[in-house]
Amino acid sequence: MSTLLSIENITYSKQQRTILSIPAFAIEQGEIIGIMGPNGAGKSTLLKLLSMLDSPSEGSLFFKGAKLSAQNVSIDMRRKFAIALQQSLLLNTTVYQNVALGLKLRKLPKKVIRDKVEYWLEKFKIAHLAKKHAYHLSGGEAQRVNLARAMILDPEVLFLDEPFSALDFPTKVQLLKELKEILKATKTTTVFVSHDLLEVKYLTDRLAILMNGEICQIGPTLEVVNNPNQVTAPFIEEWNEFIK
Ligand SMILES: Nc1ncnc2c1ncn2[C@@H]1O[C@H](COP(=O)(O)OP(=O)(O)OP(=O)(O)O)[C@@H](O)[C@H]1O
């Protein structure tokens, strides 16, 4: 494996408060890495920095070894990333148009767009909803559209911020299963922020535990879950107790 995206000596501060302080963190090509931690630990902030939606107060971000800064981040660079959030934030139009939008912005030929949209609607089992208005979907259907809209961009890194947390359990389990198959088949490098150890155990290869803005433990997911360190144990053991 080789490092795809990494950060070095990052801090992120707001109103004289340090929200994140991370000396080093690397995401390997093709892996699914989870970021878990208590409320307010800084998970979403870390995701925003990694996906270049925000800039750190200090420190550097590297993509394939090249340093990125607010100045040298081109549209082409941004287009290597796709993001799916808990709220699907779909547009006021059909499912088809929502999934097609990113490719239209990239000015791909109509035929290519149609083929790709059909492919991804099929993959996420929403082809029958193509003409339906996005505002009339169930939560699970909307999240499928959201994920199709991200995957159609063929991202080098997919960022997921709690995409399943608003779904009921059976819907979540089904979508997790399908998404894992898709991510593994496409070898999509994925950063997955979640509150839920069950989701994280199922989906991720490695896990970083973020507490008070610091990565307190990182390693293969099962190793971290089964051998928490002194700092992460109270957080992880509470979960282990719950899902035993
Ligand atoms: N722009 C900002 N200005 C001030 N404080 C901020 C800003 N962004 C984040 N914070 C604070 O930083 C901390 C980390 O926030 P963040 O949303 O990253 O945590 P989180 O781990 O994702 O939390 P949750 O699990 O509740 O979603 C919180 O205390 C939050 O209030």
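Predicted model: local features only at pLDDT ≥ 70, side-chain atom pairs only at ≥ 80, totals over all residues.

The paragraphs below go from the whole chain to local detail.

Taken along the principal axes, the C-alpha atoms fill a box of roughly 55 × 45 × 35 Å. Of the 244 residues in the chain, 38% are buried. Among contacts between residues at least 6 apart in sequence, 67% join residues at least 24 apart.

Leaving aside residues up to four places away in sequence, Ile10 touches Leu20, Ile22, Leu49, Pro56 and Gly59. Two of these partners, Leu20 and Ile22, fall within the range of strand E2 (17-28), and Gly59 falls within that of strand E4 (58-63). As for Ser55, which is 45 residues from Ile10 along the chain, its C-alpha atom is separated from that of Ile10 by 9.6 Å.

Gln16 lies in the loop between strand E1 (3-14) and strand E2 (17-28), and its phi is near 60°, a positive value in a residue other than glycine. Gln16 has 5 C-beta neighbours inside 10 Å and therefore counts as exposed. Lys64 is found in the loop between strand E4 (58-63) and strand E5 (66-68), and although it is not a glycine, it has a positive phi of about 50°. With 12 C-beta neighbours inside 10 Å, Lys64 counts as exposed, since the exposed class takes in residues with 12 or fewer.

The helices come next. In helix H3 (residues 95-105), the buried residues are Val95, Tyr96, Asn98, Val99, Ala100 and Leu103, and these pack against helix H4 (110-123) and H5. An α-helix has 3.6 residues a turn, so residues three or four places apart point the same way. Just after H3, Lys107 takes a positive phi of about 60°. Asp115 has its place in helix H4, and it is exposed because 12 other C-beta atoms lie within 10 Å. The C-alpha atoms of Asp115 and Gln97 are separated by 13 Å, while the two residues are 18 residues apart along the chain.

How do H5 and H6 pack, and at what angle? Helix H5 (residues 139-151) and helix H6 (residues 169-186) pack at an angle of about 15°, with their axes 11 Å apart. That angle makes H5 roughly parallel to H6, because angles under 35 degrees are counted in that class. H5 passes H6 in a right-handed crossing. On the H5 side the contact is made by Gly140, Gln143, Arg144, Leu147 and Met151, and on the H6 side by Thr171, Leu175, Leu179 and Ile182. By class, this contact has 5 nonpolar, 3 polar and 1 charged residues.

Terms used:
Residues numbered from 1 in each chain as written. Axes fitted to C-alpha atoms, helices over the stretch in contact; angles between N-to-C directions. Helix = DSSP H or I, 4+ residues; strand = E, 2+ residues; numbered from the N terminus. Parallel < 35°, antiparallel > 145°, perpendicular 65-115°, else oblique. Left-handed = near helix turned anticlockwise from the far one by under 90°. Contact = placed C-beta atoms within 7 Å. Nonpolar A, V, L, I, M, F, W, Y, C, P; charged D, E, K, R; others polar. Buried ≥ 20, exposed ≤ 12 C-beta atoms within 10 Å, placed from the backbone.
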